[in-house]
Structures are given as structure tokens and as C-alpha cells.
Amino acid sequence: MIGRPRSLRPSGAAFVRRSVLGALAGVAALLATGVSAAPAGAAPEPGVAAPSAQQRALAFWTPERMRAATPLDVLTVDRSQVRTAAPRKGEAAVVAPSAPASAVGPLAFPHGGGPWSGGGAVTRTAGRVFFTYQGRTASCSGNAVTSANKSTVLTAGHCVKMQGAWHTNWVFVPGYHDGQRPYGTWAAARTLATPQWTASEDINYDIGAAVVAPLDGQRLTDVVGGQGLAFNTGYNKAMYSFGFPAAAPYDGEKFIYCSGTTFRDFLLSGDHGLTCNMTGGSSGGPWFTQFSEATGTGLQSSVNSFKYNFLPNAMYGPYFGADAQNLYQSAQSS
């Protein structure tokens, strides 16, 4: 159906209704049935988790619950519900990576999707995101970036807030693979999104962030390092995209990448496009410009956001313009 981006959404009659169809334009969260709801006790304010809620989130995410996250139905969003205003631009700005470099082997470019076998810093900074939404488990991807607070993770907007509700039990697992958590599980103290995503879930601004609490007295990027960032640097770039897709043919246990020269979406958004077969669960995974296969470091310039149902091998990610930069500044100053 031309002009309809698709997203992965929970199954069941309670969710498959017209009000749901306008909510999310992401490739998105994987929602699993049969899991208890978020812990009692509301957060002090939307997107903020009290220390007690952070501890409950860490206890909630057992290996069994992480494994239980499964991809469900693909729903569509109508053309009339997608806003087409181009992202606001600003001056080009770059933040250098703080991740230590390590040698990796050369890989194919371009690549339409497959396991990342190169190693390097990206295998530590990128990871899986887990949270609960309306009593169901969910899985996305995220990435640690260089930041003043050494605690900032970037992801997709719909991986922190969806259908007007902020997700709970939000944790980040850097370096996740095959059920392993080599660098621990980091609970969010605060989650944020661009104003446009927060207000109306506009796919041009499907960008989220989390500030994670210290773990065992250490801050996130002191443990795993942080990737760099680039804002307002234009379109048609050589980029690498990473994530943890969990819908077939993937299972969420492997770190997957795509690479190639991006193109600008000419249909419904001002997003970057990339040939990529990643599926649900990869949402929020980082896109890098100036990515070095030799070190696994680069400048994060977008996140996995959505696919069109008639273009299954193309992934789209929002342009990192002025609002993405402001989101990053808000997160790193939290």
C-alpha cells in the first residue's frame, strides 16, 4: 500500500483498532504477551524514574523475560496521519567519540543486513533496550554516546514513549549478545524525546534518549565508551546502521548491521533511507557517518525508525537536525 509506513505492534483485539493506527510510525518495539504489568507506583513525572523504580526495573528484567520478547503483528499508519514538515536545520556540529579504539577486520560495503563480525568499540556502545508498555515486554536498540554526564543513550522516540504513554522498567544492556550482558544492565533515571515526538509522535522526529543511573558506582561511558555525534551534516552520506532485530529472519540475539550510501525519503518524511533488511527490535539502533571499520567508532547521525510495507528492504531514520541536537543537550545536562 503506497504511502504507508509500517510498524511492529502488539497483537490482540484490544490493540488492533483505528485509534492505534495513528500512534506509531516505527519499525519498533517488540511486545510480548503474558507478562505482568509495570511495577506499582507512578514515576514522579513523565519520563522520570525514582531510584526505587530503577531498582524494580533491574529486578524485573530476568533472562527469562528478556528472552520472552517476541515480534508480533505488523500494522500500518495512514498517509493522512503522517506529518510532512521537514526537520529544522541548524549549523553543522560534531561531537568526537570517546570510545577507545580497537582494531577490527574489514567488512563488505555496501551490505544489506547481516551479523557484525568486526568487533571494535561499537560492540560495547550499542546494545538492546528493554521496557514494559501496557503490561507487555518490549525490545528496541540503543547506543551510548559521548556526553557531559557520561550516562546518555540515544534511541528512537517510540522506544521511550508510544501512544501517549512513557514506557516503564526501561533498561539498556550494552554489548548484549546471545543472552549475555557483559557490561551489565543499566536502568534509566530519565527518558526524553524530541518535542515533536512527545507532542504528536511525528516520524520526522522519532528520536529518544535516556539518562541511565550509575551501576556499581560507575557511569556508563566510563565502562563502555561513547560514540561521537553529527548534527545538520546533510543527506546522501555513507552510513552504517546497527541494531538487534528480533523478527524473522532474526531472533534478537545477534548484533546486525547494514551499510551503504543513504538517500533522502521522497515519500512521507524528511528522513534518511538505507537499503537494509533489519526487522522489529532494531528500532533505535544507531546510524553512523564517518564510521571506521578499523576501530568500530563513528559519528551517530540517525537511528533506525520505520519501514514502508511495500519497501521491506529499506530502513528509514530521522535527520539529526536542530531538534535532535537540543534533545542531546537536554539529555547530557540531566
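In the predicted model, P249 falls in the loop between strands β14 (238-243) and β15 (256-261). The peptide bond that joins A248 to P249 is cis, with omega at about 10°.

The protein chain as a whole contains seven helices and 21 strands. It comprises 334 residues, of which 58% count as buried. When contacts between residues at least 6 apart in sequence are considered, 75% of them join residues at least 24 apart.

Confidence in the prediction was examined along the chain. The average pLDDT of the protein chain is 81, and 75% of the residues score at least 70.

K150 is located in the loop between β6 (136-144) and β7 (152-155), whereas Q290 belongs to strand β18, which covers residues 286-292. The relative accessible area of K150 is 30%, so this residue is classed as partly exposed. For Q290 the relative accessibility is 65%, and Q290 therefore counts as exposed.

K150 also takes part in side-chain pairing. Side chains of opposite charge can pair when their charged atoms come close. A search of the whole structure finds six salt bridges. In one of these, K150 is paired with D222, and the closest N and O atoms are 3.1 Å apart. Because K150 sits in the loop between β6 and β7 while D222 sits in helix α6 (residues 220-224), the pair ties together parts of the chain that are 72 residues apart in sequence. D222 has a relative accessibility of 44% and so counts as partly exposed, and K150, at 30%, is also partly exposed.

A further salt bridge is formed by the side chains of E201 and K161, with an N to O distance of 3.3 Å. This pair links distant parts of the chain, 40 residues apart: E201 is in the loop between α5 (195-200) and β12 (208-212), and K161 is in strand β8 (residues 161-162). Both partners fall under the 20% limit for burial: E201 is buried at 9% relative accessibility, and K161 is buried with a relative accessible area of 5%. Salt bridges that share partners also occur, and they join K150, R219 and D222 into one network.

The salt bridge between R67 and E64 lies within one helix. The side chains of R67 and E64 meet at 3.6 Å, N to O. The two residues are three positions apart in helix α3 (residues 63-68), so about one helical turn separates R67 from E64. R67 has a relative accessible area of 52% and is therefore exposed. E64, with a relative accessible area of 48%, is partly exposed.

Rolling a probe the size of a water molecule over the atoms shows where empty space is left. Across the whole structure, two cavities of 30 Å³ or more are found. The second largest cavity has a volume of about 40 Å³. Its lining is made up of A230, F231, N232, T233, G234, M239, H272, S301, Y319 and F320. By residue type, the lining of the second largest cavity divides into five nonpolar and five polar residues, with no charged residue.

Conventions: Residues numbered from 1 in each chain as written. Predicted model: local features only at pLDDT ≥ 70, side-chain atom pairs only at ≥ 80, totals over all residues. Heavy atoms only, no water. Helix = DSSP H or I, 4+ residues; strand = E, 2+ residues; numbered from the N terminus. Buried < 20%, exposed > 50% of the residue type's maximum accessible area, 1.4 Å probe, protein only. pLDDT = per-residue confidence, 0-100. 1 Å grid on protein atoms, 1.4 Å probe; cavity = no way out; pocket = protein on both sides within 12 Å on 5 of 7 lines; lining within 4 Å. Points joined across faces, edges and corners; volume = space filled by probe spheres on them. Nonpolar A, V, L, I, M, F, W, Y, C, P; charged D, E, K, R; others polar. Salt bridge = Lys/Arg side-chain N within 4 Å of Asp/Glu carboxyl O. Contact = heavy atoms within 4.5 Å.
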